[in-house]
Amino acid sequence: MLSKSSIKDLSSILTSKNILISKEECYCYAQDSTNTRKPTKIPNAVVFVESIKDIQNVLKYANSNHISIVSRGAGTNMVGACTCQENSIVMNFSKMNKILEFDPINMSMKVQPGVVVDDIKKIAESKGLYFPPDPSNFKVSTIGGGIAQASGGAKSFKYGTIKDYILSLTLVLADGTIMKTGAGTVKDAVGYHLSQLMVGSEGTLAVIAEAELKLIPKPEANALITAYFDSMSDAVKGVNSIIESRVFPSTIDFMDKNAINTVENFCPSGLIREKDCMLLIEIEDFAYGLENQAIKIKNALKGSSASNVNIVFDNEQKERIWIARRASYAAVTQLAPDVVTDDIIVPRSSLADMVDACRIICEKYKLKTCFVGHVGDGNIHPQIALNLDDEKEFRNYMDAKAEIYDMVTNLGGTISAEHGIGIEKIDYIKDTLDDVAIEYMKRIKKTFDPNNILNPGKIFRI
Ligand SMILES: Cc1cc2nc3c(=O)[nH]c(=O)nc-3n(C[C@H](O)[C@H](O)[C@H](O)COP(=O)(O)OP(=O)(O)OC[C@H]3O[C@@H](n4cnc5c(N)ncnc54)[C@H](O)[C@@H]3O)c2cc1C
């Protein structure tokens, strides 16, 4: 609980409707989308900020009283990044959800941190522009959370991730100082790129108060090609052939047999159950010439032992298939009380080996696992159905996870492509990052946040 005097202090900073202090209300902000057994604390208070001034005032107060601040967008991260590890105030941005400027000529948009990614996409598209980053929950996740969590998505293969669309940021530092990073221009060679330092910072360095984003022209049309394979290594060979044929798909996703069957049991979508895996390949371009590209892909795949190759132009049919792909996480929740998912990444040439190794490890530990992911990027999402309250199953999961991460490192990859570290992967970063790099990250943290009030206990232990 916050002391009476702290509550009085907060009430002098924000209007009472923007402060929650009851245990019941604060409890709603004790968790994010992470399935975990790790203990977390109920926040002492939740504050809803409405302006940069509000953010400054709360941070100044928290910094001088050594109270932790946990920034929170939609709370959809899967690594415990916005849980409270100690007495904390949660800073919620749902009331800072305005588009501040939209400049179609210069292809940019300035937004507040609580704007939902889907709103950015829709407004850009109203003028023929495009904001491609698409974490699969973009209909609810916020841009502030996306930047802080280095979010990716299915279209990263062609368009990159949220980090590639930041022109400038307005930050509020731990002591309430405002810092502007970047010039807002497409090119910028002036000094260190501090905007990029915020990518993946998980609310530990500063609060993102505004973001100016880059937009690009929206491709005129798109098509989806689906294909089935007898093994992951055949699927990867198929992807290599597509790239050799000089077509540049925006998305090259996969679902394995377990994922296909789990989804088909949950929401029948007409996917073929018998094959080892399927690829979902999206191309986006001018309408003219799109069919040629689709045929090139079909031919490339046929030469790589693909079967049932299908080109889909019809919007309804495409959406039905994408819904099936995006439903995989929800479908896996039908298999056991809990689902834990991961986001490991390896070079694409090692993806098939990595999936095969994960399958062997999960089988060894008797874990029901579905695999989906982004072949183009080498990014795999094992989705493991289990009962976290079952001690043996939990131990098996932890052992399997450690073995999977060992394999990732051996294959030249890393333990998070797009979900971040939070508290869930904190014990593993020493095995994946260089010691000197970790040491310098800690020094950066101390420079930005000497009192360690910003989301303490995330990414690494100080
Ligand atoms: C069903 C599902 C599917 C998902 N699919 C994807 C996917 O395809 N790709 C992907 O990359 N991720 C995915 N995620 C993970 C997650 O949704 C993303 O990381 C998302 O971008 C987080 O946004 P959020 O608004 O929920 O942030 P939150 O979870 O609220 O916060 C994330 C981090 O950002 C910090 N933060 C939030 N706002 C600010 C701010 N204004 N200033 C400073 N720090 C801030 C928080 O402290 C926390 O550390 C998925 C999650 C779910 C539940």
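The structure is a predicted model, in which local features need pLDDT of at least 70 and side-chain atom pairs count only at pLDDT 80 or more, while totals for chains, interfaces and linings use all residues. Residues are numbered from 1 along each chain as its sequence is written.

The protein chain holds 16 helices and 19 strands, where helices (H or I, at least four residues) and strands (E, at least two) are DSSP runs, numbered from the N terminus. Its radius of gyration is 23 Å, close to the 23 Å that the globule rule gives for 462 residues, so the chain is as compact as a globular protein of that length; the radius is taken over C-alpha atoms, and the rule is 2.2 Å times the number of residues to the power 0.38. Along its principal axes, the C-alpha trace of the protein chain spans about 70 × 60 × 40 Å. Of the 462 residues, 47% count as buried, a term for residues with 20 or more other C-beta atoms within 10 Å of their own, whereas exposed residues have 12 or fewer and partly exposed ones lie in between, with C-beta atoms placed from the backbone. Among contacts between residues at least 6 apart in sequence, 72% join residues at least 24 apart, a contact being a pair whose C-beta atoms, placed from the backbone, lie within 7 Å.

Strand β6 (residues 108–111) pairs with strand β10 (residues 207–214) in the antiparallel sense over four bridges, and here S108 stands opposite K214 in β10.

In the loop between β5 and β6 lies M107, whose phi is near 50°, a positive value in a residue other than glycine. Most residues other than glycine have a negative phi.

Another strand, β18 (residues 368–374), has six of its seven residues buried, so it is largely enclosed by the rest of the structure. Three bridges join strand β13 (residues 251–256) to β18, the two running antiparallel, and the bridge partner of D253 in β18 is H374. Strand β19 (residues 379–386) is also antiparallel to β18, joined to it by seven bridges, and F371 stands opposite P382 in β19. These two strands, β18 and β19, form a hairpin with four residues between them, and G378 in the turn has a positive phi of about 80°.

The ligand has 36 residues around it, of which G73, G144, G145, A148 and G203 come nearest; a residue is near a molecule if its C-beta atom, placed from the backbone, lies within 6 Å of it. The elements that give two or more residues to this shell are β3 (68–72), α5 (143–148) and β10, and α5 gives the most, with four residues.

Towards the end of the chain, M441 has its place in helix α16 (residues 435–448). The C-alpha atoms of M441 and S201, 240 residues apart along the chain, are separated by 9.9 Å. In the segment after α16 is I459, which has a positive phi near 70° although it is a residue other than glycine, and I459 is buried, with 25 other C-beta atoms within 10 Å.

Key: Pairing = 2+ DSSP bridges. Contact = placed C-beta atoms within 7 Å.
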